[in-house]
Amino acid sequence: NIALVNVTVTERCLSTGSDDGKLTFLTAIGEFLSQGFGMDSIIINQLMFGIRGMDGAFSSGYVKSMETQERWGWHKEQLQIFEHRTFAEKLVGKLGVVFLSTLAFFLITSVTSLIVRVLTSSGVVLMFPLFTCFRMLGMPGADERILSLSYPWIGSLRTAIANGHVHPQSHLVWAHVTKIVLYYVMYEACQAAWSVVLYAKSIPEALPVWIYGFAMIWEYFSMVFVRSALSVYFFPRVTFLYFFLYHVYFYSIPYGYFDVALIPLFLFMVHAMLYTILGLEAPNSARGVISVECPREVYNRLSWPEPVAALPAEWTMFLPLNSRLSPLHDRQISNGAPNNVTEGGDAENDDDAAT
C-alpha cells in the first residue's frame, strides 16, 4: 500500500516547532540561514527516521519538492545498515567507505586529467585557422610562426603537411576537433555512469557536477601553478585529504548536509591554492628554482626517445615522477680534485703571493 501525503512546512515551523511559535534570536538566525542552506536535509531526515511501522521498523519512502521539483527516495534496507550492527559489520562498513572514497578520487581525477590533457593539446589547433582569419582581415602581428613555436606539436605537423601536399590543412584541424568532441562526450558519459555507482543514493541534484567541477579546477591549477617539488609534494596530497574526508562524511550517513558541506570544501580548496602559490611557488621562483629554463622542478623522464616537437602519449601521465632538475647553484661540487702543483711550485707561488 502506498500513502500519498502533501505536507507544507515553513521556516518558522522548523525553527520554533509551530507556525505560531515565538521568534527568538537563535530561531531568527536559523530562519536566515535556511534561506541559503535550505530545508531539504532537515525534512528528509525527519521523514527517514521519524516514519516507522507498528513494530518500530524503518519504512521506505519517496519525497518530491513541489518548489524545486527535486525527488528523493530511500529504502528501509539503507537505513537498517546504520543501526544494530556487530563490530565485524561496522569494520567492514568502514573499510568499504575508505575503498569507495579512494576509488572515487582515482576515477574522477583520472578522467578529469585526461580531458584536460586533450583540451590542452588538441584545443590549441583552433588558434591556427583563427590566426588565418586575422591575416585575411589585415591584422598585424598574426604570424603563424608564433603559434608554431608556442605549440610545436601542431606547428611541426602543419609544416609537414605544407611540404608533403598529401592532404589539406583542414584535415588536421577537423581531426583534432573530432577528437575533442569525442573525448568530451566520453567525459560526460563517465560522469553519468560513475555517479550511479559512486553516488547510488538520494543526493542533491547538482552534487556530482560540483564534485567534477572541483576536480577540473584542481587539474588546471596543477597544470599552471604546481611547478616546484614542494608544491608537487603538498598540493595533490592535501587535495586528496579534503576529497577523502568529504566522501567519508558522504558514505557514513544516509542523507546529510551534502550541499552545505561543499562550502567548507571549496574554502579549504582555495586556502590550499593560495598557500601553494604564496608559500611554495613564489619563494622557489624568487630563489631561481623555477625559471624559463627550468619551468618544472620535477618531471617524468622516459626510457625511450621522444621528439621535441611531439607530446608524449596520454598514458604517460599515469607514470610516477622519477626525476628532479637541480639548479646549477644548488649542486654540490666535489673538492677532491687532484693537485698537480709540485711542492717547489707551491713555495714559489707563496713567495709571489707574499710579494
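## Overall fold

A contact is counted where heavy atoms lie within 4.5 Å, and among contacts in the protein with a separation of 6 or more, 67% are between residues 24 or more positions apart. The model is a predicted one, in which local features need pLDDT of at least 70 and side-chain atom pairs count only at pLDDT 80 or more, whereas totals for chains, interfaces and linings use all residues. Residues are numbered from 1 along each chain as its sequence is written, and side-chain values use heavy atoms, with hydrogens and water left out.

The protein contains 13 helices and 4 strands, taken as DSSP runs numbered from the N terminus (helices H or I, at least four residues; strands E, at least two). Of its 355 residues, 30% count as buried, that is, under 20% relative accessible area with a 1.4 Å probe and protein chains only.

## The β1–β2 pair

Strands β1 (residues 61-64) and β2 run antiparallel and are joined by 4 bridges, pairing being assigned if DSSP finds at least two bridges between two strands. The bridge partner of K64 in β2 is R71. R71 and G73 form the uncovered face of β2 (residues 71-74), while W72 and W74 form its covered face.

## Lining of the largest pocket

In the lining of the largest pocket, 28 residues are nonpolar, 9 polar and 6 charged, where Ala, Val, Leu, Ile, Met, Phe, Trp, Tyr, Cys and Pro count as nonpolar, Asp, Glu, Lys and Arg as charged, and the others, Gly among them, as polar. The largest share of this lining, 9 residues, comes from α5.

Conventions: Buried < 20%, exposed > 50% of the residue type's maximum accessible area, 1.4 Å probe, protein only.
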